[in-house]
Amino acid sequence: MAKKPKPFRISRKVGKFHAERRLLLLAMLGILAYSGYIWVEAHPEHNPSAPLDLRHPVGMATATKLVALKDDVPECRAVIDRSEVGYAVLDPTGEGPCARPDRTRLTDYPFAPNSPPMTCPVAAAMELWRTKTVEPAALDIFASEIARIEHLGVYSCRRLYGRSEGAWSEHATGNAIDISAFVLEDGRRISLISDWNGDADEARFLRQVRDGACGVFATVLSPDYNEAHADHFHFDQDGRWTGVCR
Ligand SMILES: [Zn+2]
């Protein structure tokens, strides 16, 4: 007669060992979750539910929060208020594809030759770009502050590349800006048309500020993109946020 197999039984000692390991594992998971929570709380730039403050570093959650501002002008103005950025609100103007319901002018920004009205999401991104990328890059590479950021304009009621048909440019609603040069406190002027090529400090600076713009603008076009952008960076806050960075 075949021997009946012995039923498998965990001894009390082994069972206790498993229970202790399970408890230890649970405690470790708890500690891990808690430290994750503490870390996210201390890094609002990585926390999708923390209110956006432009004084915080650019983090994993920054771009998503900037996109959300596109359709929420009051929230965008709350962000620049909270971030203590100087600005003025101008009356809406224009109509149809060139209507500009949101005209926000940065009042303490080193723009030259003037500070043009733009959409609030572009203004918020310009502030982040200046403080988190342009100024640190100028200090790091040239040991100088930024005196002026030169632009070629914001608003232009036209279709892409001035064509007679096709998609409207983000410039038509003031949701884009073209940046052409930087002037340092020490008097040096770095322009895209003269300094983009080569491997001098000026070219390194321009690439660094282009790359930094990619984290805060939906579209970034540089001289690398095409001949039409040989003398300027085009930045816009296209609501699709396709993350174009060229
Ligand atoms: Zn442009």
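**Zinc site, core and cross-links of a predicted model**

Asp-178 is buried, at 8% relative accessibility (buried means under 20% relative accessible area, exposed over 50%, partly exposed in between, with a 1.4 Å probe and protein chains only). The structure is a predicted model: local features need pLDDT of at least 70, side-chain atom pairs count only at pLDDT 80 or more, and totals for chains, interfaces and linings use all residues. Residues are numbered from 1 along each chain as its sequence is written, and side-chain values use heavy atoms, with hydrogens and water left out.

Asp-178 is one of the protein donors of the zinc ion. The donor atoms are His-171 NE2, Asp-178 OD and His-234 ND1, lying 2.0 Å from the ion. Donors are N, O and S atoms within 2.8 Å of the metal (3.2 Å for Na, K and Ca); water is not among the atoms, so sites may look incomplete. The sequence spacing of the donor residues is H-x6-D-x55-H. Asp-178 belongs to strand E5 and His-234 to strand E8, so this pair ties together parts 56 residues apart in sequence. Helices (H or I, at least four residues) and strands (E, at least two) are DSSP runs, numbered from the N terminus. His-234 also counts as buried, at 9% relative accessibility.

The assignment gives domain 1 (10–42) and domain 2 (51–245); such bounds come from an automatic or database domain assignment. Over C-alpha atoms, the two domain centres are separated by 48 Å.

The largest nonpolar core holds 45 residues. A nonpolar core is a set of buried Ala, Val, Leu, Ile, Met, Phe, Trp, Tyr and Cys residues joined through side-chain atoms within 4.5 Å. Residues with the most contacts inside this core include Met-126, Trp-129, Ile-179 and Phe-182. Elements supplying at least two residues each include helix H4 (120–142), strand E5 (176–184) and helix H6 (201–213). H4 gives the largest share, 13 residues.

Three disulfides are found (pairs of cysteine sulfur atoms within 2.5 Å). Their pattern is 1-3, 2-4, 5-6, with bonded cysteines counted along the chain. In the pair Cys-76 and Cys-120, the sulfur atoms are 2.0 Å apart. The link is left-handed, with -90 degrees about the S-S bond. Cys-76 sits in helix H3 and Cys-120 in helix H4, 44 residues apart. Both cysteines are buried.

Cys-98 and Cys-157 form another disulfide, with sulfur atoms 1.9 Å apart. The torsion about its S-S bond is about 85 degrees, so the link is right-handed. Cys-98 lies in the loop between E1 and strand E2 (103–106), and Cys-157 in the loop between E4 and E5, 59 residues apart. Cys-98 is buried at 3%, whereas Cys-157 is partly exposed at 42%. Cys-214 and Cys-245 are bonded with sulfur atoms 2.0 Å apart. This link is right-handed, with 80 degrees about the S-S bond.

The whole structure contains 12 salt bridges (a side-chain nitrogen of Lys or Arg within 4 Å of a carboxyl oxygen of Asp or Glu). Asp-53, Arg-55 and Glu-84 are linked in a network. Arg-55 pairs with Asp-53 at 2.8 Å, N to O, and with Glu-84 at 3.3 Å, N to O. Asp-53 is buried at 10%, Arg-55 is partly exposed at 46%, and Glu-84 is exposed at 66%. Elsewhere, Asp-224 and Arg-210 form a salt bridge of 3.1 Å, N to O. These two residues are 14 residues apart, with Arg-210 in helix H6.
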